[in-house]
Amino acid sequence: AKNHAVFALFIMSGGSAWMMSIIAVGIHLYMHGVFASISWNSMGVFLEWPLVIFVPWFALSLLCSGMLLAFGTFHTLALFFQFNTKICWKPLGPMCKFNDAAVLAQIFLSPPRMRPCVRPQSVMS
């Protein structure tokens, strides 16, 4: 498909931006001393509202951004190597190979085409 490179870029940039937000929020909380001011063995951990919010968000974000990055990595590799999900799930299917120059040029160097501009139709007809 012509838009596969843009799709892979979209997924990778979304996953990496989400991962960078996890790191940035963690660094922000660390710089403000949220992790240092607590005794981790007591129930006082549950009274620190930044940690009560951060820990579930961190776990969920790590899971979701990890899945996005894995999905994006698969699609990015599929741009350079000739494989898809059907090939990957077959036990003795054909091995993947690196795309040749003609296929890479078709994927990355094809000119964009605009959709034709048509007048909107009335819903009252």
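Reader: In which helix is I27 found?

Author: Helices are DSSP runs (H or I, at least four residues), numbered from the N terminus. I27 is found in helix 1. This is a predicted model, where local features need pLDDT of at least 70, side-chain atom pairs count only at pLDDT 80 or more, and totals for chains, interfaces and linings use all residues. Residues are numbered from 1 along each chain as its sequence is written, and side-chain values use heavy atoms, with hydrogens and water left out.

Reader: Is I27 buried or exposed, or in between?

Author: Buried means under 20% relative accessible area, exposed over 50%, and partly exposed in between (1.4 Å probe, protein chains only). I27 has a relative accessible area of 48%, so I27 is partly exposed.

Reader: Which residues make a nonpolar surface patch with I27?

Author: A patch takes residues with over 30% relative accessible area and no salt bridge; nonpolar side chains (Val, Leu, Ile, Met, Phe, Trp, Tyr) are joined within 5 Å, like charges within 9 Å. A salt bridge is a side-chain nitrogen of Lys or Arg within 4 Å of a carboxyl oxygen of Asp or Glu. Here M20, I23, I27, Y30 and M31 make a patch of about 590 Å². Accessible areas come from the Shrake-Rupley method with a 1.4 Å probe; for residues, only the protein chains shown count as cover.

Reader: Now G26. Is G26 buried or exposed?

Author: G26 also needs its area read. The value is 16%, so G26 is buried. G26 lies in helix 1.

Reader: What is G26 in contact with, beyond four places in sequence?

Author: Contact means heavy atoms within 4.5 Å. Leaving those neighbours aside, G26 is in contact with F35 and F54. G26 and F54 are 28 residues apart in sequence, yet 8.2 Å apart in space, C-alpha to C-alpha.

Reader: How far does helix 2 reach?

Author: The expected span of a helix is 1.5 Å times one less than its number of residues. Helix 2 (residues 49–80) has 32 residues and reaches 46 Å from first C-alpha to last, close to the 46 Å expected.

Reader: Which residues of helix 2 are buried, and what covers them?

Author: They include F54 and H75. The cover includes helix 1 (4–31) and helix 4 (101–108). Take H75: its relative accessible area is 15%, so H75 is buried. H75 touches H4, F7 and A8, not counting residues up to four places away.

Reader: What does the whole protein chain look like?

Author: The protein chain has 4 helices and 0 strands. Buried residues make up 18% of its 125 residues.

How values were computed. Helix = DSSP H or I, 4+ residues; strand = E, 2+ residues; numbered from the N terminus.
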